[in-house]
Amino acid sequence: MFDIRVQVADFDLSTETALIRSRHRDVGAIASFVGVVRDTNAGTGVSEMSLEHYPGMTEAALKKIVDQAAARWNVIDATVIHRVGTLMPTDQIVLVVVASRHRGHAFEACEFIMDYLKTDAPFWKKETTPEGSRWVDARTADHDAQQRWKQT
Amino acid sequence: MLNLLYFASIREALGRDNEAVELPADATVAGLIDALRARGGIYAEVLAANRRWRVAVNQDMVGLDAPLQDGNEVAIFPPVTGG
């Protein structure tokens with residue numbers, strides 16, 4: 001039912017929200033998040049980023065996350081697109097779109113999905129900097145952001 | 001046999017992305033990690049207790065006490081950094 005895609009190609013937010021609107025007449029709110037490749041990380045310039053993932057598990061993990069959100073909030077439809085391969089600064093990397101009857105559910109479910117994607121979906125970033133390439137370290141802040149959903 | 005998969009920095013450090021290994025006598029994730037560490041060298045280094053790594057069995061993230069069975073797909077990888 002939910003639309004989950006892992007792809008090399010870019011995506012278009014307007015196209016995805018239009019698709020969701022065309023499928024449902026009871027949607028009153030669509031919240032979305034777009035992640036973008038920055039040109040700096042941990043104080044160093046980043047000229048390129050490559051994304052590796054675990055085919056099969058990635059899709060299953062994303063589906064599980066969206067299902068958890070749908071069990072908690074009113075989620076009429078949802079789209080998650082994550083890009084893999086080589087990306088450059090300013091490129092779009094991830095899209096989450098959540099459609100609900102009302103905005104509160106759409107906002108919260110969208111943020112929940114992003115927070116869980118950061119800690120549970122098997123993607124790994126490697127960035128190219130002036131000093132060479134390096135794997136990006138997992139951030140404690142991402143773990144904390146995911147954990148707070150367990151307390152409320 | 002277990003089908004092991006390695007990803008990202010762990011794949012690079014070990015110089016391979018998969019291998020088949022016998023089911024260890026202690027048929028748990030902890031037992032498998034101990035058996036791999038016992039090889040010494042880069043395996044002991046990469047899988048050291050103070051290094052951060054995660055394990056998924058049949059594409060589901062699990063803890064050290066998770067049981068293993070013949071034919072399982074076991075992936076070992078660093079903490080994820082998508083999004």
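Modeller: Let us begin with a term: two strands are said to pair if DSSP finds at least two bridges between them. Please keep in mind that this is a predicted model.

Biologist: Which residue of β5(B) stands opposite B:Asn3?

Modeller: B:Asn3 has B:Glu73 of β5(B) opposite to it. The strands concerned are β1(B) and strand β5 (residues 73–77) of chain B, which pair in the parallel sense over 4 bridges.

Biologist: In which direction does strand β1 of chain B run relative to strand β2 of chain B, parallel or antiparallel?

Modeller: Strand β1 (residues 2–6) and strand β2 (residues 18–21) of chain B run antiparallel and are joined by 4 bridges. Within this pair, B:Val21 in β2(B) stands opposite B:Leu2.

Biologist: How is strand β3 of chain B joined to β5(B)?

Modeller: Strand β3 (residues 54–57) of chain B runs antiparallel to β5(B), with 4 bridges between them. One pair of bridge partners there is B:Ala56 and B:Ala75, the latter in β5(B).

Biologist: What is the order of the strands in the open sheet of chain B?

Modeller: The order is β2-β1-β5-β3-β4 in an open sheet of 5 strands, and the pairing is mixed. The edges are formed by β2 and β4 (60–62) of chain B; each has a single partner strand, so one side of each lacks a neighbour in the sheet. On average, neighbouring strands of this sheet are turned by 30 degrees against each other, direction ignored.

Biologist: How do side chains lie along a strand?

Modeller: As a general idea, side chains in a regular strand alternate between the two faces of the sheet.

Biologist: Is B:Glu19 buried or exposed?

Modeller: B:Glu19 belongs to strand β2 of chain B. It counts as exposed because it has 12 C-beta neighbours inside 10 Å, and the cut-off for that class is 12 or fewer. The C-alpha atom of B:Glu19 is separated by 16 Å from that of B:Gln69, which is 50 residues apart from it along the chain.

Biologist: Let us turn to chain A. Which strands form its open sheet of 4 strands?

Modeller: That sheet has the order β7-β5-β9-β10 in chain A, with antiparallel pairing. Here β7 (85–87) and β10 (132–135) of chain A stand at the edges with a single partner strand each, so one side of each has no neighbour in the sheet. Neighbouring strands are turned by 25 degrees against each other on average, direction ignored. Strand β5 (residues 48–53) and strand β9 (residues 123–129) of chain A are joined by 6 bridges, and A:Ser50 stands opposite A:Lys126 in β9(A).

Biologist: How does one describe two packed helices?

Modeller: One gives the angle between their axes and the distance between the axes. For helix α3 (residues 103–120) and helix α4 (residues 140–147) of chain A, the axes come within 8 Å and cross at roughly 130 degrees. That angle makes α3(A) oblique to α4(A). The crossing of α3(A) and α4(A) is left-handed. Among the residues that make the contact are A:Tyr116 of α3(A) and A:His143 of α4(A). By class, the contact of α3(A) with α4(A) has 2 nonpolar, 3 polar and 3 charged residues.

Biologist: How many residues does each chain give to the contact between chain A and chain B?

Modeller: Chain B gives 14 residues and chain A gives 21 residues. On the side of chain B that touches chain A, α1 (8–14) and β5 of chain B are the elements that give two or more residues. That side has 9 nonpolar, 5 polar and no charged residues.

Definitions and conventions
Residues are numbered from 1 along each chain as its sequence is written. Chains are lettered from A and ligands numbered from 1 in the order in which they are written. This is a predicted model: local features need pLDDT of at least 70, side-chain atom pairs count only at pLDDT 80 or more; totals for chains, interfaces and linings use all residues. Axes are lines fitted to C-alpha atoms, for helices over the stretch in contact, and angles run from 0 to 180 degrees between N-to-C directions. Two residues are in contact if their C-beta atoms, placed from the backbone, lie within 7 Å. Ala, Val, Leu, Ile, Met, Phe, Trp, Tyr, Cys and Pro count as nonpolar, Asp, Glu, Lys and Arg as charged, and the others, Gly among them, as polar. Angles under 35 degrees count as roughly parallel, over 145 as roughly antiparallel, 65 to 115 as roughly perpendicular and the rest as oblique. A crossing is left-handed if the near helix is turned anticlockwise from the far one by less than a right angle, and right-handed if clockwise. A residue is buried if 20 or more other C-beta atoms lie within 10 Å of its own, exposed if 12 or fewer, and partly exposed in between; C-beta atoms are placed from the backbone.
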